[in-house]
Amino acid sequence: MEQRMKPHAPSCAKRLRLQGDAAGQTALEIAQIIHEHCSVSQLRAHRLARGLTQKEAAEGVRSLGPRLGEHAPKADAIRLGHWESGRHHPRPQAIALLCEFYECGPGELGFEATGAPPRAALTNDLVPMVASRAVQGHGATESDRLAASVDAARRAVDRTLAAATVSSGQLDLLDEQVLWARQQYVYTPPGPMLTVLLRHLGDIENLAADRQPAAVQVRLSELTAMLATLIADALMKLGELDRSQAWYGTARHAADDSGNTELRARVRAQAAMLPFYYGPLSAAVALARDARMICRGRPTATGAFAAAAEARALAKLGDSKGAEAALRYAAGMFDQVGSHGEDDAFSFPERRFLLYRSGTLTALGRTVEARKVQAQALALYPAETGIDPTLLSLEAAICLAREHSPAEACELAGSVFLRVVPAHRTPIVEERARDVIHALPAAVRGSRAARELREILELPPGQT
């Protein structure tokens with residue numbers, strides 16, 4: 001018997017679809033490539049070639065069905081998944097709608113033109129029918145026939161639930177792997193971390209591609225949202241802004257799919273970082289405020305994080321009144337929940353709260369207060385960590401620039417930038433260092449100290 005190869009992860013099909021689109025290939029051509037390369041059914045390949053989820057494809061097929069009246073097939077995501085995996089075979093009416101939806105013939109979807117199901121599918125479909133007819137043949141009442149149908153339906157549902165491919169042990173292992181990645185992310189440079197995150201995400205998507213019980217599917221969506229958020233953040237640090245924005249969109253989609261309120265808010269608060277650093281600031285405010293509204297005033301670390309992010313963005317926009325109100329709200333929320341989970345990218349410890357307070361005060365021009373907060377925060381960071389201490393030190397340099405100490409500001413910014421290990425010396429650090437020059441009075445931006453800082457920022461990676 002020929003051994004069937006294990007289907008590739010959905011990310012592989014996505015790559016082939018994007019390559020095909022760029023090359024001007026038709027959806028039919030892309031589907032055939034995905035079918036052959038990724039070892040998936042032709043039906044699934046057609047969906048993947050169009051970048052659709054099972055839910056989206058099922059809704060599209062179902063929208064074509066009303067004209068069939070009572071004979072319209074019951075197309076939903078679960079049933080479509082069974083058709084794609086070969087667990088069940090669609091009726092001829094369903095095949096006709098699938099052909100219309102994907103604009104191709106039955107053979108191109110992997111079905112014979114007659115729509116005749118394979119023997120195994122016939123056996124599955126005939127079991128409840130035979131049971132029902134046996135009851136009818138013995139003079140059964142309408143109540144007996146209904147009972148037989150109910151029992152047959154229950155057995156079919158039980159078989160579907162038993163088809164899950166994720167054990168509790170696998171799920172626990174995935175939880176451990178993602179937690180480890182969240183902890184490593186705190187101090188690992190974004191470049192190497194991307195490889196780790198993408199590998200874990202591939203493992204999860206291989207499982208999520210098949211039908212799972214609701215509780216398992218929710219957890220897989222949660223893990224997907226966490227990893228997608230970290231991938232987006234890493235891409236932002238590397239200056240890959242378009243890709244970062246796209247991954248933040250994926251993270252929000254996965255978080256919304258999970259229904260986890262805390263995670264939905266957290267992803268949006270984190271997504272506010274991209275427009276905060278690269279604009280538009282109004283988008284940063286909107287995302288942070290949306291996250292805070294999702295929390296609905298509940299005392300959570302995410303609520304404090306969202307309010308602090310909103311305060312920092314409002315301050316940078318020049319809305320001092322709004323920024324101060326949001327910062328007070330964040331401080332009150334943080335006092336209620338306290339600091340916890342310092343070695344976790346999804347936590348909001350005291351040092352990170354102080355980082356946001358520092359950014360807010362610096363943008364508001366309250367430099368004396370800001371420098372006190374910066375010193376307090378820097379004392380809380382361990383020796384092995386990411387770029388947060390660098391950002392705090394660069395904010396201290398911005399404060400010096402605004403206090404009319406240009407030489408000292410440029411010297412501090414230059415020494416801080418050179419101390420950053422090359423793998424962490426990413427575009428986001430460079431941009432923050434350039435903010436020091438922008439904060440200098442216009443009359444001294446051409447000074448010797450400013451020129452030396454510009455020269456340092458132009459150094460190739462790894463050179464000091």
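In which helix is Asp203 found? The points below answer this and then take up the rest of the predicted model.

1. Asp203 and its surroundings. Asp203 is found in helix H10. Its relative accessibility is 34%, so Asp203 counts as partly exposed. Leaving aside neighbours within four places in sequence, Asp203 is in contact with Leu174 and Gln177. Asp203 and Ala9 are 194 residues apart in sequence, yet their C-alpha atoms are 7.9 Å apart in space.

2. Helix H10. This helix covers residues 190–208, and its 19 residues should span 27 Å at 1.5 Å a residue; the end C-alpha atoms are 26 Å apart, which agrees. The buried residues of H10 are Pro190, Met193, Leu194, Val196, Leu197, His200, Leu201, Gly202, Ile204 and Leu207. What covers them includes helix H9 (168–185), helix H11 (214–237) and helix H12 (241–258).

3. Confidence and overall make-up. The mean pLDDT of the chain is 84, and 84% of its residues reach 70 or more. Over residues 113–138, however, the pLDDT is below 50; this stretch has 17 contacts in the model beyond near neighbours in sequence. The secondary structure comes to 23 helices and zero strands. Of the 464 residues of the chain, 45% count as buried. Among contacts between residues at least 6 apart in sequence, 62% join residues at least 24 apart.

4. In soluble globular proteins, nonpolar side chains tend to be buried together. The largest nonpolar core in this model has 61 residues, and Phe348, Phe353, Tyr356, Val436 and Leu453 are those with the most contacts inside it. Helix H20 gives the most to this core, with eight residues. Apart from it lies another core, of 31 residues, among them Leu201, Ile204, Leu207 and Leu227. Of these, Leu201, Ile204 and Leu207 are also among the buried residues of H10.

5. Leu453. Leaving aside its neighbours within four places in sequence, Leu453 is in contact with Cys410, Ala413, Gly414, Ala433, Val436 and Ile437. One of these partners, Val436, is itself listed with Leu453 among the residues with the most contacts inside the largest core.

6. Thr390 in H20. Thr390 has its place in helix H20, which covers residues 388–402. With a relative accessible area of 12%, Thr390 is buried. Not counting residues up to four places away in sequence, Thr390 touches Val416, Val420 and Val429.

7. Helix H19. The 12 residues of H19 (residues 367–378) should span 16 Å at 1.5 Å a residue, and the end C-alpha atoms are 16 Å apart, which agrees. Thr367, Ala370, Val373, Gln374 and Ala377 are buried in this helix. Seen down the axis of H19, the buried residues fall within an arc of 120°, so they line one face of the helix. Val368 and Lys372, on the other side, are exposed. The buried residues pack against helix H18 (350–363) and H20.

8. Arg352 in H18. Arg352 lies in helix H18. It is a buried residue, since its relative accessible area is 15%. Beyond residues up to four places away in sequence, Arg352 touches Arg266, Ser347, Tyr381 and Asp388.

9. Cysteines. Cys12 is buried, with a relative accessible area of 11%. Cys399 is likewise buried, with a relative accessible area of 0%.

10. The peptide bond from Gly279 to Pro280 is cis, with omega near -5°. Pro280 is placed in the loop between helix H14 (273–278) and helix H15 (281–295). Ser39 has phi near 60°, a positive value in a residue other than glycine. Ser39 is found in the loop between helix H2 (27–38) and helix H3 (42–49), and at 12% relative accessibility it counts as buried. His404 also has a positive phi, near 65°, and is not a glycine. His404 is found in the loop between H20 and helix H21 (406–419); at 64% relative accessibility, His404 counts as exposed.

Terms used:
Residues are numbered from 1 along each chain as its sequence is written. This is a predicted model: local features need pLDDT of at least 70, side-chain atom pairs count only at pLDDT 80 or more; totals for chains, interfaces and linings use all residues. Side-chain values use heavy atoms; hydrogens and water are left out. Helices (H or I, at least four residues) and strands (E, at least two) are DSSP runs, numbered from the N terminus. Buried means under 20% relative accessible area, exposed over 50%, partly exposed in between (1.4 Å probe, protein chains only). Contact means heavy atoms within 4.5 Å. A nonpolar core is a set of buried Ala, Val, Leu, Ile, Met, Phe, Trp, Tyr and Cys residues joined through side-chain atoms within 4.5 Å. The expected span of a helix is 1.5 Å times one less than its number of residues. The arc is that of the directions from the helix axis to the C-beta atoms. pLDDT is the predictor's confidence in each residue, from 0 to 100.
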